[in-house]
2 protein chains.
Amino acid sequence: MNQVIKQNGTTAPMQIVLGVDPGFSVTGFALVAKAQRITVLDCGYLKMSAQKTLSQRTGEFYVFFQQKIIEHKVTHIALETSFLGKNAQTFLKLGFLRGVLFLLADQHHLVLTEFAPREVKLAVTGSGAASKDQVADMMIRLFPGLTTLPQVERADATDALAVALCGLWNQQSYMQMLK
Amino acid sequence: MNQVIKQNGTTAPMQIVLGVDPGFSVTGFALVAKAQRITVLDCGYLKMSAQKTLSQRTGEFYVFFQQKIIEHKVTHIALETSFLGKNAQTFLKLGFLRGVLFLLADQHHLVLTEFAPREVKLAVTGSGAASKDQVADMMIRLFPGLTTLPQVERADATDALAVALCGLWNQQSYMQMLK
């Protein structure tokens, strides 16, 4: 496991958080870690072809995130809680992808935390009612490198980054409590 | 792959269908095959402890069905389509388990077919409005061995068997069309 040397000379396991904003067409993801400062290890999106069956896309999603978890030695997964929108079948299918992440958390012994959308917006912008664009603007202000992502999929990636940061801060405050 | 010798002396791959009625507390399952006649290879239920996290239960569900698929050389998965009930969060979580079955279908190259509940009831009882008890009675009439299952979980197992038979008949009629 990755370790960080704490100021008092002891070591603490490094928290590496995978934040995901799942979707069957575009899924945003971000991998963040905190040593001296918060680092974005990877941030982007997975686009799956509508030509593939749901089963194939579920398989593709599993393989993609399993590789990210292994490659970056992920310790935590952070997700937004999901609410029923207009389309119940879309909501059910989102459950497929969330289920894959819950499965990967079990298989790789990761801590999975869910955050309400309002909680994520509040944490990253200071307002629980912030728009998707305001979240994106704040993420880009913090990590200017994100502007290299294509405009269309950028908001999915910045949403995932916002929830990943929540996962990291949540863990930090938890670590703080243990001191 | 298992093979059946057809009457004209050629061989056809044997269809082995896994029918599942998923649930986070009790999941019914049935494995059926057709050679000379329809055989129930296995039929029962998976009970998962509410003490475990959703992530652990999703993992347990995956391992359980992966083993069944490998052990019985399953070729098809049959599921009932899912409809939104009173509780949206229960519906979303059912999506987790359905997602695991879609994932296993991709990983093991299985054909996954969904049937409307009405379609299943109609196929096995002759009435699309049949009750759960009527489905259970018919399944027990066809396969008296099912009475060895405990009363409480039996209906989950018989529901899964009904959908597995649908999967088998669906495939048979498909094979018929190909002749």
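In which sense do strand β6 and β7 of chain B pair, and over how many bridges? In this predicted model, where local features require pLDDT of at least 70, side-chain atom pairs count only at pLDDT 80 or more, and totals for chains, interfaces and linings use all residues, residues are numbered from 1 along each chain as its sequence is written. Chains are lettered from A and ligands numbered from 1 in the order in which they are written. Strand β6 (residues 76-80) of chain B and β7(B) pair in the parallel sense, over five bridges; B:His76 stands opposite B:Val111 in β7(B). Strands (E, at least two residues) and helices (H or I, at least four residues) are DSSP runs numbered from the N terminus, and two strands pair if DSSP finds at least two bridges between them.

These strands belong to an open sheet of five strands in chain B, with the order β5-β4-β3-β6-β7 and mixed pairing. Its edge strands, each pairing on one side only, are β5 (38-47) and β7 (111-115) of chain B. From one strand to the next, the twist averages 20°. Helix α2(B) lies across β3 (16-21), β6 and β7 of chain B and runs at about 160° to β6(B). Axes are lines fitted to C-alpha atoms, for helices over the stretch in contact, and angles run from 0 to 180 degrees between N-to-C directions.

The contact between the chains involves 25 residues of chain B and 25 residues of chain A, two residues being in contact if their C-beta atoms, placed from the backbone, lie within 7 Å. On the side of chain B that touches chain A, α1 (54-71) and α2 (88-107) of chain B each supply at least two residues. The largest share of that side, 16 residues, comes from α2(B). By class, the side comprises 14 nonpolar, eight polar and three charged residues (Ala, Val, Leu, Ile, Met, Phe, Trp, Tyr, Cys and Pro count as nonpolar, Asp, Glu, Lys and Arg as charged, and the others, Gly among them, as polar).

Chain B is superposed on chain A by a rotation of 180° with 0.0 Å of shift along its axis (RMSD 0.0 Å), which is the relation of a two-fold axis. The superposition is by least squares on the C-alpha atoms of residues with pLDDT of at least 70 in both copies. The same surface serves both copies, as 100% of the contact residues of chain B recur in chain A.
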